Amino acid sequence: MNGANLDDLVDLLGRWASGRGPLYLLLAARLRALIDDGVLAPDEPLPPDRVLARRLAVGRGTVVAAYDLLQQEGRLVRRQGSGTRVAALDLPATRTADGVAANPLLLHILHPPDNVQLLTCAAPHDPPPALCEAYAEAARRLPGLHEMGYQAGNPELRAALAAYYTGRGLPTTPDEIVVTTGAQQALTLLTALLVAPGDTVLTETPTYPGALEAFRHAAAVVRPAASVEDVRERPALAYFVPSVRNPDGAIMDNPSRRRLATLAAEHDVPLIDDEVRAELCFSGETPVPLAGFHRGEQIITVGSLSKLVWGGLRVGWIRAAPALVSRLARLRAVHDLGGEVVSQLAAAALLRRLDEIRAAQLATLRARHDHLCAELRSRLPSWTFEPARGGQTLWVRLPHGDVDSFAQVALRHGVAIPPGRSFDPLGGHADHMRLHFLFPEEELSRAVNNLALAWASYDGAGRAVSRHPLVV
């Protein structure tokens with residue numbers, strides 16, 4: 001599209017105002033989709049806010065608010081004198097070889113750049129032997145198996161997950177479990193059911209960017225929580241990661257967990273407890289789920305095997321009240337009918353070996369965590385961080401400059417890093433980055449060496465904010 005052609009943009013926006021919620025959120029949602037699909041190309045100019053407002057027959061404040069929201073997300077750049085443009089992209093192409101537009105946020109995952117160490121994907125890279133054995137067991141059971149995985153998931157896996165939570169002191173029945181294709185689908189389904197355009201979603205900061213994307217695409221107003229007490233303001237949904245938070249590996253203490261669960265129940269606020277990394281506490285003790293402190297129907301637990309076992313094992317789940325599970329199962333059936341059965345059978349087998357798998361993963365992760373911390377202290381002593389209490393990532397702060405501009409320098413030195421803005425609902429934490437320690441020690445040393453070389457050549461000057469790849 002020619003950015004100067006206002007009529008073209010209006011045609012592309014289509015019936016943007018036909019949904020529910022504030023107009024600025026609906027406009028931002030449509031522009032976001034056009035940007036992410038590559039229809040509005042990097043560096044493409046957008047009309048001045050007054051001009052677009054007049055053409056759309058809305059107040060100027062509607063366009064200004066939409067532009068400002070997209071600027072916070074890193075999708076637009078606004079400068080006095082040069083107007084509003086689609087943010088630059090640190091990747092060479094926005095279309096695949098067949099000419100189909102690719103979501104720029106996914107390009108580092110779908111089309112990884114050559115000879116670059118990707119620190120953007122914090123999920124286990126190598127499948128453990130236990131996974132191969134679990135699939136072999138599942139394959140042996142296929143003859144005569146008539147279960148196709150429709151509805152809420154394979155009955156055996158649902159029963160295994162119910163037993164898993166019951167074993168953690170949270171009595172659970174299979175009708176309180178719905179199986180999903182990973183935790184990201186779980187968050188997307190929950191958002192679709194519980195959030196309408198214009199609704200407020202309360203999150204921590206920093207927090208998991210995949211959740212922020214799901215909430216934004218639902219045209220919600222995402223607001224950071226100053227404390228658990230903010231649940232009193234009755235948002236449409238609250239999202240917390242109390243057990244080994246992504247990105248910093250923090251763990252919420254039990255009094256705060258109890259307070260959060262109690263407030264959600266008292267104020268009738270649906271509360272998502274993201275437990276994807278809960279089994280990766282370096283102490284070896286798995287924290288009590290939020291639902292263990294209050295059995296109200298408001299508390300919803302999300303889990304997955306992608307962080308504990310392997311990133312390619314796309315099996316997740318939701319633990320919730322049976323009525324909500326039934327609604328989720330019907331919604332999922334509309335999208336994909338159900339999950340892939342062999343993976344679900346393998347997941348059930350893996351749950352039976354959970355203690356063994358966790359022990360092996362924790363031994364590896366603790367060693368690599370300590371190695372990365374030592375390398376950073378040695379090679380980049382001006383960078384600051386707190387050692388993680390679990391998980392796979394460190395939350396690192398630069399002494400000056402911002403990570404969006406430094407990330408461009410790092411990419412030229414062979415390392416892709418996720419800037420902190422991705423983890424903040426308001427686009428803050430610009431001086432932070434998340435570094436994972438999933439690579440073997442030798443690769444971690446090479447990554448830190450390249451980061452040190454990049455840092456030595458970095459002048460700290462601010463540059464145009466650019467979109468960065470989706471991080472997990």
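Student: With which side chain does the side chain of Arg277 make a polar contact, and at what distance?

Tutor: This is a predicted model, in which local features need pLDDT of at least 70 and side-chain atom pairs count only at pLDDT 80 or more, while totals for chains, interfaces and linings use all residues. Residues are numbered from 1 along each chain as its sequence is written, and side-chain values use heavy atoms, with hydrogens and water left out.

The partner is Thr393, whose side chain makes a polar contact with that of Arg277 at 3.4 Å; such a contact is a pair of N or O atoms within 3.5 Å, where within protein one must be able to donate a hydrogen and the other to accept it, and residues adjacent in sequence count only if both atoms are side-chain atoms. Arg277 itself lies in the loop between strand 10 (271–274) and strand 11; strands (E, at least two residues) and helices (H or I, at least four) are DSSP runs numbered from the N terminus. Arg277 is buried but has no salt bridge, the nearest side chain of opposite charge being that of Asp248, 5.9 Å away. Here buried means under 20% relative accessible area, exposed over 50% and partly exposed in between, with a 1.4 Å probe and protein chains only. A salt bridge needs a side-chain nitrogen of Lys or Arg within 4 Å of a carboxyl oxygen of Asp or Glu, and in assigning charge Lys and Arg count as positive and Asp and Glu as negative, with His and the chain ends not counted. Leaving aside residues up to four places away in sequence, Arg277 also touches residues including Ser243, Arg245, Pro247, Lys307 and Gln392, contact meaning heavy atoms within 4.5 Å.

Strand 14 (residues 393–397) pairs with strand 16 in the antiparallel sense over five bridges, and the bridge partner of Thr393 in strand 16 is His436; two strands are taken to pair if DSSP finds at least two bridges between them. The open sheet contains three strands in the order 13-14-16, with antiparallel pairing. Strand 13 (384–385) and strand 16 (432–436) are its edges, each having a single partner strand, so one side of each is left without a neighbour in the sheet.

Strand 11 (299–304) is among the elements against which the buried residues of helix 11 pack, and others include helix 7 (155–167), strand 6 (177–180) and strand 12 (316–319). Those buried residues are Leu324, Val325, Leu328, Ala329, Leu331 and Arg332. Helix 11 (residues 322–336) has 15 residues and reaches 21 Å from its first C-alpha to its last, close to the 21 Å expected at 1.5 Å a residue, the expected span being 1.5 Å times one less than the number of residues. After helix 11 comes Leu337, with a positive phi near 70°.

Strand 6 pairs with strand 12 in the antiparallel sense over four bridges, and Val179 stands opposite Trp317 in strand 12. In a regular strand the side chains alternate between the two faces of the sheet. In strand 6, Ile177 and Val179 point one way and Val178 and Thr180 the other way, and all are buried.
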